[in-house]
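Good morning, and thank you for making time on the agenda.

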Amino acid sequence: MSEKEYSLKIQNVKKKYVIKQFADTGKAVSKLGRFVNRRKIKKEDFWALNGVSFNVEQGEKVGIIGKNGAGKSTLLKIISRITEPTEGRIEITGKVSSMLEVGTGFNQELTGRENVYLNGAILGMTKAEVDEKFDDILEFSEVGKFIDTPVKRYSSGMFVRLAFAVASHLEPDILLVDEVLAVGDTRFQKKCIDKMLSIAASGKTILFVSHQMNTIRQLCDRVVVLKNGEVVFDGDVEEGIRLYSSESFADRKLHYDYDGVARPSGFENNLAQIRSLDILHNEEGIYKAKESIDLRVRVQIKSDEIGDLSCRMHIYKFDGTPVETIFSNAFEYIHEQGEFDINISVLKHNLSPGNYSASIVLTRGNSKFMTGDLDIVENAFSFEVLNPDGTGNSWPRNWANTYNESMEASIIKVEE
């Protein structure tokens, strides 16, 4: 019996960061005789990874799952040599390429064509390789006649489509993928997944980080679950997803703070940002069937010219199956900067009993005339739906993602 061939051997990898906190300790007099705030610096060790060990065979497709802050992205950055481990060792056999942040390295002043060559070089392709793949990249991106336009004039969708097209035409032995399939509209996302399935079928070794369990199912034949920087499961995909889901919903909250939460690539803009969410009129985040879901979403508007604004929710079953997209009405024309509270009531939904998560999207326009998404928080909050009698027993149902416009919303300026 031949010995197994491994693409990756990850041995007791640890990564420590030092967190600095400042605390005012009162007033002090400087050498110039002025009063200044005296601050004390407190340092705290934070272990993003704490003894991670597992091996990946050549040709394996391994999903890395876990809640935000579990250490997933840190692990991929160490494997891709973006950062060094504090302790431990990683043995790599073959060429590694990373799709960690689509669009990293794009120059806003250069055209799409120039950025294809620049980004290709950054990702490890030679000019000859880019020449050979250029037509395929252009066709996949659907940028078309805008390829010789500076990318600063691209919409966010065009930008990430072109960036993904470049990154997806790499030919490494080991491919690291971190949440880059949530780009563009639904149709283009399916196109991205099909491309990744094609790469997986070619025998490449893939490490894939995602919060979308359906995509993990499609791409991976094994999952590793991380929690607090440690491996808590390594094995069957369905068992890992069940553990991840139970862990995620054990932390159901009534207030969610999104400052510092990673967004999909292409949504690090300076126009508007979703700051936080509060569950209203419900102390547990558990609803009877047909009961309205009331929320308050705080947003930061950073431009005087946002225009019409609306939001929508993408709702998923606990395993990542998309089940419903709910649109709000458009708000009044937004023409000033500042913090705003969006009060939301989902009056009708088609959810059977079970656990769900929802992503929140802030967009320009309305459900009929959307002109661009401004910010997205994936897996923004979780909740549970019960039967009308208050029991949680569910019934079999063949889900198809449906659309409705039963979300009523209003926006109020937060006064300082």
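Which residue stands opposite Val224 in β8? The residue is Ile64. Please bear in mind throughout that we are looking at a predicted model.

Let me place that pair in its surroundings. Strands β3 and β8 pair in the parallel sense, over 4 bridges. They belong to an open sheet of 6 strands, ordered β5-β6-β7-β3-β8-β9, in which the pairing is mixed. At the edges stand β5, residues 96–99, and β9, residues 230–235; each has a single partner strand, so one side of each is left without a neighbour in the sheet. On average, neighbouring strands here are turned by 15° against each other, direction ignored.

Of its 6 residues, 5 are buried, so β8 is largely enclosed by the rest of the structure. Besides its parallel pairing with β3, β8 pairs with β9 in the antiparallel sense, over 5 bridges. Within that pairing, Lys227 is found opposite Glu230 in β9. The hairpin formed by β8 and β9 has 2 residues between the strands, and Asn228 there takes a positive phi near 50°.

Elsewhere in the sheet, β6 (residues 174–178) and β7 (residues 205–209) run parallel and are joined by 5 bridges. As one example, Leu175 has Ile206 in β7 as its bridge partner.

I turn now to the helix that lies on these strands. Helix α1 lies across β3, β6, β7 and β8, and runs at about 150° to β6. Is α1, residues 72–79, mostly covered or mostly uncovered? It is mostly covered, with 6 of its 8 residues buried. Those buried residues are Lys72, Thr74, Leu75, Leu76, Ile78 and Ile79. After the helix comes Arg81, which has a positive phi near 70°.

Finally, the pair of helices. The axes of α2, residues 112–122, and α3, residues 127–141, come within 10 Å and cross at roughly 130°. Angles over 145 degrees would count as roughly antiparallel and those from 65 to 115 as roughly perpendicular; α2 and α3 are therefore oblique to each other. Their crossing is right-handed. On the α2 side, the contact is made by Arg113, Val116, Tyr117 and Gly120; α3 contributes Lys127, Val130, Asp131, Phe134 and Ile137.

Thank you; I welcome your questions.

Technical notes
Residues numbered from 1 in each chain as written. Predicted model: local features only at pLDDT ≥ 70, side-chain atom pairs only at ≥ 80, totals over all residues. Heavy atoms only, no water. Buried < 20%, exposed > 50% of the residue type's maximum accessible area, 1.4 Å probe, protein only. Axes fitted to C-alpha atoms, helices over the stretch in contact; angles between N-to-C directions. Parallel < 35°, antiparallel > 145°, perpendicular 65-115°, else oblique. Left-handed = near helix turned anticlockwise from the far one by under 90°. Contact = heavy atoms within 4.5 Å. Pairing = 2+ DSSP bridges.
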